[in-house]
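These are my notebook entries on one protein model, written down in the order in which I looked things up.

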Amino acid sequence: MTAESEKGPVEVSPWYNYTTFDISGDLVFGESFGCLQDGRLRPWIQLTFTAIKAWVYSGAVHQSPALERAALPIGSITVRKSIPKSLLQKEIDNFNLSAAKTGKRIELGSKRTDMMTGVLKAGLTEEKGQSNDSRKTISRAEVHSNVFVLILAGSETSATTLSGITFYTCRDSDILQKLVSEIPSSFTRDGDINFQATATLNYLNAVIEQGLRCYPPFVGALSRLTPPGGATVDGHFVPKGTSLGTDMYSTFHSPCKFHLPDEFSPERWLGRDPRFANDRLDAVQAFSAGPRGCIGKRFVSCNLAYAELRLILAKLLFHFDISPNPGFELWIDQGVFYLWYKPPLLVNLTRRTTIEE
Ligand code: HEM
């Protein structure tokens with residue numbers, strides 16, 4: 001990033017992806033993907049984004065009986081005529097690459113405990129499909145699915161949140177100034193910036209909460225099926241087998257729940273501004289809730305997701321002065337294919353010269 005910044009504006013979002021994917025690679029496979037070092041995403045990771053687009057097309061097909069009838073099952077994969085062939089092929093390539101990386105980790109083992117250690121804790125079976133073993137061993141196919149979820153859920157979410165925070169803070173010079181004055185003034189050298197020390201930075205924490213509210217990485221609704229016998233939700237009976245969800249973006253931007261709902265105001269999380277006294281902060285559930293809510297929020301004893309966000313932001317702002325590049329305001333005008341499809345987020349970064357490494 002250093003070399004690129006010295007030349008001019010930097011497209012910062014991919015650097016967030018490189019960082020969070022490298023951390024996820026380290027935690028899942030026991031080794032980094034090396035994206036930061038090379039300044040590019042591994043093909044494996046690049047493909048996951050395209051694969052997600054294929055899921056979206058698949059989902060759309062399921063919504064329409066006419067398109068459903070055009071479905072053409074091939075082997076274990078249901079190939080649908082309406083999905084672009086190139087996307088389907090990428091989805092298959094993606095699975096094969098993921099399987100190869102997983103196989104290498106299983107064969108070679110790891111010198112230290114990583115997430116795969118947990119996945120394989122009860123043992124691996126080579127039976128096809130899902131394991132029926134009562135000792136809860138895991139089949140190779142199940143490992144592949146879990147790895148895909150672990151890598152993607154643990155990295156794209158954090159990288160997206162960081163991009164959103166960068167956009168909103170750079171757009172408002174007062175907010176950026178408050179944030180910047182908190183971080184470099186709290187540390188004298190890079191080595192002091194760690195999970196514990198950044199947890200006490202109130203303004204940084206408020207900025208992160210506000211980033212998750214204004215630009216949640218999961219934009220729409222994560223559905224749940226009602227159980228046999230149905231369920232009563234908010235006083236309404238819903239029959240069994242109904243898919244229900246709460247749309248994140250619209251809930252977090254609802255004027256019924258937030259004063260100035262579209263405004264990025266970290267103050268609403270600091271409890272000092274009376275304008276936001278009636279805000280329903282508990283409505284912001286960017287990690288979802290319940291037993292299938294994000295494990296990154298309650299990972300082991302630390303809150304991995306927040307720890308990562310704080311550390312990356314604190315290090316960036318400790319080392320660099322950041323400012324928006326012209327045309328920056330249009331960034332927020334973007335589409336969603338399950339995840340945000342982000343245009344380039346261009347910022348100017350100037351290395352601070354007054355700090356110790
Ligand atoms: C800003 C950061 C993050 C956000 C906003 C976020 C959000 C979410 C959400 C909304 C879900 C879906 C839960 C549901 O269906 O109810 C989820 C699932 C998940 N998250 Fe996160 N996440 C973040 C970071 C992480 C990190 C760092 C990890 C690393 C371990 C992680 C691992 C997972 C996994 C494995 C699941 C799937 C859980 C399951 O299916 O049971 N996430 N996350």
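**Entry 1: the iron site**

I began with Cys294, which I find partly exposed, with a relative accessible area of 30%; here buried means under 20% relative accessible area, exposed over 50% and partly exposed in between, with a 1.4 Å probe and protein chains only. I note that this is a predicted model, in which local features need pLDDT of at least 70 and side-chain atom pairs count only at pLDDT 80 or more, while totals for chains, interfaces and linings use all residues. Residues are numbered from 1 along each chain as its sequence is written, and side-chain values use heavy atoms, with hydrogens and water left out.

Which protein atom is the donor to the iron atom of the ligand? I found a single donor from the protein, the SG atom of Cys294, 2.3 Å away. Donors are N, O and S atoms within 2.8 Å of the metal (3.2 Å for Na, K and Ca), and water is not among the atoms, so sites may look incomplete. I located Cys294 in the loop between helix 12 (248–252) and helix 13 (304–319); helices (H or I, at least four residues) and strands (E, at least two) are DSSP runs, numbered from the N terminus. In the UniProt record, an unreviewed entry, the feature "binding site" is placed at Cys294; UniProt positions are given in the numbering used here, feature names are shortened, and annotations may be inferred rather than shown by experiment.

**Entry 2: the loop that holds the cysteine**

I then looked up two other residues of the loop between helix 12 and helix 13, namely Ser265 and Ser288. Ser265 is buried, with a relative accessible area of 4%, whereas Ser288 counts as partly exposed at 22%. Leaving aside neighbours within four places in sequence, I see Ser265 in contact with Gln210 and Phe276, where contact means heavy atoms within 4.5 Å. The C-alpha atoms of Ser265 and Ile175 are separated by 8.3 Å, although these residues are 90 apart along the chain. Ser288 has a positive phi, near 65°, in a residue other than glycine.

I noted a positive phi, near 55°, for Asp234 as well, again in a residue other than glycine. Asp234 lies in the loop between strand 7 (231–233) and strand 8 (236–238) and counts as exposed at 73% relative accessibility.

What is the strand order in the open sheet of three strands? I read the order as 1-13-10, with antiparallel pairing, and strand 1 and strand 10 are the edge strands, each pairing on one side only. Two strands pair if DSSP finds at least two bridges between them. Strand 1 (residues 10–11) is joined to strand 13 (residues 346–351) over two bridges, and there Glu11 stands opposite Leu346. Between strand 10 (residues 320–324) and strand 13 I found five bridges, with Pro324 partnered by Val347 and Ser323 opposite Asn348.

**Entry 3: helix 13 and its packing**

Helix 13 lies across strand 10 and strand 13, and runs at about 95° to strand 10; axes are lines fitted to C-alpha atoms, for helices over the stretch in contact, and angles run from 0 to 180 degrees between N-to-C directions. I also examined helix 9 (residues 173–186), whose axis comes within 9 Å of that of helix 13 and crosses it at roughly 90°. That makes helix 9 roughly perpendicular to helix 13, a description used for angles of 65 to 115 degrees. Leu179, Val180, Ile183 and Pro184 of helix 9 make the contact with Leu313, Ala314, Leu317 and Phe318 of helix 13.

Ile151 and Val28 are 123 residues apart in sequence and 7.2 Å apart in space, C-alpha to C-alpha.

**Entry 4: totals**

Buried residues make up 44% of its 357 residues. Of the contacts with a separation of 6 or more, 63% are between residues 24 or more positions apart.

How values were computed. Parallel < 35°, antiparallel > 145°, perpendicular 65-115°, else oblique.
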